[in-house]
Amino acid sequence: MGSILSVKNLAKIYKSGSNTLTVLQHIDFDIEEKSTVAIVGPSGSGKTTLLGLCAGLDRASSGDVILNNINLNNLNEDERAWIRNQHVGFIFQNFQLLSTLTALENVMVPLELRGASNIKEKAMELLEKVGLQDRASHYPSQLSGGEQQRISLARAFSNSPKILFADEPTGNLDTETGERVEKLLFDLNREAGTTLVLVTHDLELAARTQRVIRLKGGKLLDNAE
Ligand SMILES: Nc1ncnc2c1ncn2[C@@H]1O[C@H](COP(=O)(O)OP(=O)(O)O)[C@@H](O)[C@H]1O
Ligand SMILES: [Mg+2]
């Protein structure tokens, strides 16, 4: 099977005044379509930065990110937003639901941006999949952390993304709730046949993926499978 994501000699450097901070350098890897991959490494090693670059949320200082055969570095912000809407799902540690929208409306947003049809029905189906159809009209503040993350899973899968990025998806949840969200993530992923790239501190969670990529101090430690 082909590669869905190809990262080539990627670097991210932050400059402020005369200081430069190299957060990522010499990052090279390929991710096979429909595979599951964990990115692990100590806090501050650049995991969130790397995921943001791969998902087109942020721009590299040098090197290439090729997502579904499209080089993200050649695109402007609007074009990257379009690619994200078409191909990418993203799950954040702190959920990042829109607080002024209901659960249902949060799931509808990516579908609306894409101009899909039967948006409400599709969003309700997704809420059913995550077991929260009875909470459709509730706002994020009325939901527990685990429920908010289940809504964000529904939102992430709403456009049938080719690739799903999850940044410590269970990091803000207690163990039991985290395990439930984790199972749901892997179940939805298997059902949809999506490529899954997740960042985690949790080595048990990492062991559930087909491959582990290790980061330390902004560099890849190895690329062992
Ligand atoms: N916008 C930014 N400006 C400057 N430094 C940043 C910025 N974002 C992240 N960093 C730095 O990059 C390093 C890696 O951060 P991050 O990718 O969040 O690591 P991780 O997710 O592995 O904990 C850290 O030293 C962090 O302080
Ligand atoms: Mg992080």
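## A tour of helix H6 and its surroundings

Select residues 175-192: this is helix H6, with 18 residues and 25 Å from first C-alpha to last, close to the 26 Å expected at 1.5 Å a residue. That expected span is 1.5 Å times one less than the number of residues. Helices (H or I, at least four residues) and strands (E, at least two) are DSSP runs, numbered from the N terminus.

The model is predicted: local features need pLDDT of at least 70, side-chain atom pairs count only at pLDDT 80 or more, and totals for chains, interfaces and linings use all residues. Residues are numbered from 1 along each chain as its sequence is written, while chains are lettered from A and ligands numbered from 1 in the order in which they are written.

Now pick Val-181, Glu-182, Leu-185, Leu-188 and Asn-189, the buried residues of H6. Buried means 20 or more other C-beta atoms within 10 Å of the residue's own, exposed 12 or fewer, and partly exposed in between, with C-beta atoms placed from the backbone.

Turn to the face away from the buried side. Exposed Glu-176, Lys-183, Arg-190 and Glu-191 sit there.

What covers the buried residues? Show helix H4 (119-129), helix H5 (145-157), strand E7 (163-167), strand E8 (195-199) and helix H7 (203-207), which are among the covering elements.

Step past the end of H6. Gly-193 follows, with a positive phi near 65°.

Definitions and conventions:
Two residues are in contact if their C-beta atoms, placed from the backbone, lie within 7 Å.
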